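Biologist: I am new to this structure. Could you show it to me and then take my questions one by one?

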Amino acid sequence: MLTDTTRIRALARAMITGYATHYPEESFAVEAVEEEFVAKIRNPETGAESRSFYLAGKVDALIRRAGVLWLKEHKTAATIDGAYIDRLWGDFQTTLYAWAVEQVRGEPVAGVVYNVIAKAGLRPYEAGKKRKADETEDEFAARLAGWYADPKAYHREELLIAPAREDVLRAELWELTQALLDARLRNVWYQNPSQCFQWGHPCAYWPICRSCDNSNVIDNDFRHADVHEELSPETDHGDRKCTTYSMWAAFRDCRRRYYWRYERQIVPLARPDEKLILGIIVHAALAAWHKSRDLAAALAVIDTESGKSPDQPLAF
């Protein structure tokens with residue numbers, strides 16, 4: 001029977017190989033891949049810069065078409081349907097990133113091109129009544145290649161970002177900064193029960209909440225992890241602290257989850273779940289592909305990332 005590592009590697013390789021075949025030519029120029037940014041957070045009413053926080057992040061890609069700058073955001077999805085496409089409009093992250101890139105580059109970002117690849121639901125066959133032996137890795141890879149030969153496995157959606165949308169975002173981001181300062185001042189980090197189980201899986205910090213913050217659970221099942229590990233080391237910003245989309249999303253969704261990850265700086269000892277691992281590996285491979293359009297280089301990234309041991313950090 002194929003191991004989970006082998007299965008994820010085969011799936012990621014099929015996704016990237018199929019993607020490279022489906023998009024042999026592009027109508028845009030890739031201007032930057034995985035470019036980091038640092039932007040100021042300002043009071044939308046006065047224009048004053050926050051004395052407590054600044055915003056940092058990393059965009060999947062910046063592309064230019066007909067002289068106009070766009071964000072390119074990679075996504076993997078179990079199903080690409082109307083409901084999925086509709087949800088993209090409310091994507092807080094891309095609007096935030098577009099606003100930040102506009103600050104840094106001093107030019108408008110027209111919108112975002114969502115680059116979506118479907119995740120095949122295929123599983124390796126196992127020996128049983130219909131088979132004498134388990135499916136081999138090569139056999140599984142061949143089935144995946146057939147699945148990714150279907151153009152329906154790929155979708156690109158373009159969304160314009162209206163200035164009014166950015167105005168709403170700036171106001172919301174400022175309100176989040178004020179709410180976080182208040183939470184720190186009063187040391188109040190309340191739980192949002194609606195976030196305890198998402199997509200059929202418990203929150204990573206559910207064991208802590210369930211045990212009423214039992215120190216044995218924290219000491220035995222969690223470890224220290226620096227915040228914003230995906231970014232380059234911080235430069236001097238005085239008393240201002242680095243913030244990211246992931247941090248603000250955690251604070252907005254559940255303040256207790258935010259507290260454990262970003263205030264206490266702990267993460268579960270176990271590796272992330274399969275969905276997250278696959279997403280990280282595919283993102284890294286797509287970055288390699290768009291940098292060089294060298295399929296061998298992109299596949300080598302997959303082999304490297306999927307081969308890491310549980311205690312090694314995956315690429316971001």
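**Ser 50 and its surroundings**

Modeller: Apart from neighbours within four places in sequence, Ser 50 is in contact (heavy atoms within 4.5 Å) with Ile 41, Arg 42, Trp 174 and Arg 240. Please note that this is a predicted model, in which local features need pLDDT of at least 70 and side-chain atom pairs count only at pLDDT 80 or more, while totals for chains, interfaces and linings use all residues. Residues are numbered from 1 along each chain as its sequence is written, and side-chain values use heavy atoms, with hydrogens and water left out.

Biologist: Where is the place of Ser 50?

Modeller: Ser 50 is in strand E2, residues 49-65. Helices (H or I, at least four residues) and strands (E, at least two) are DSSP runs, numbered from the N terminus.

Biologist: Is Ser 50 buried or exposed?

Modeller: Ser 50 has a relative accessible area of 4% and is therefore buried. Buried means under 20% relative accessible area, exposed over 50%, and partly exposed in between, with a 1.4 Å probe and protein chains only.

Biologist: Which backbone nitrogen lies 3.1 Å from a polar atom of the side chain of Ser 50?

Modeller: That of Ser 52.

Biologist: Let us step back. How many helices and strands does the protein chain have?

Modeller: The protein chain has 11 helices and 10 strands.

Biologist: Now the strands. How many residues of E4 are buried?

Modeller: In strand E4 (residues 109-118), 9 of the 10 residues are buried, so that the strand is mostly covered.

Biologist: Which strands pair with E4?

Modeller: Strand E3 (residues 68-77) pairs with E4 in the parallel sense over 8 bridges. Strand E5 (residues 154-160) pairs with E4 in the antiparallel sense over 7 bridges. Two strands pair if DSSP finds at least two bridges between them.

Biologist: Which residues stand opposite each other there?

Modeller: Lys 75 stands opposite Val 116 in E4, and the bridge partner of Tyr 114 in E5 is Glu 157.

Biologist: A change of topic. How many disulfides are there?

Modeller: The count is 0 disulfides, a disulfide being a pair of cysteine sulfur atoms within 2.5 Å. Cys 209 is in no disulfide, and the nearest cysteine sulfur, that of Cys 196, is 6.2 Å away. Cys 254 is likewise in no disulfide, with the nearest cysteine sulfur, that of Cys 203, 6.3 Å away.

Biologist: Are Cys 209 and Cys 254 buried or exposed?

Modeller: Cys 209 counts as buried at 18% relative accessibility, and Cys 254 is buried with a relative accessible area of 7%.

Biologist: Which residues of helix H8 are buried?

Modeller: In H8 (residues 245-253) they are Tyr 245, Met 247, Trp 248, Ala 249, Ala 250 and Phe 251. These buried residues pack against E2, helix H3 (92-105), helix H5 (163-186), strand E9 (241-243) and helix H9 (255-263).

Biologist: Which residues other than glycine have a positive phi?

Modeller: Among them are Asp 213, with phi near 65°, and Arg 293, with phi near 50°. Asp 213 lies in the loop between helix H6 (206-210) and helix H7 (215-221), and counts as partly exposed at 33% relative accessibility. Arg 293 lies in the loop between helix H10 (274-292) and helix H11 (295-306), and counts as partly exposed at 35%.

Biologist: Last topic: what is Ile 302 in contact with?

Modeller: Leaving aside neighbours within four places in sequence, Ile 302 is in contact with Arg 9, Ala 12, Arg 13, Ile 16, Ile 281 and Ala 285. Ile 302 is in helix H11 and is buried, with a relative accessible area of 0%.

Notes
Polar contact = N/O pair within 3.5 Å; in protein donor to acceptor, adjacent residues only side chain to side chain.
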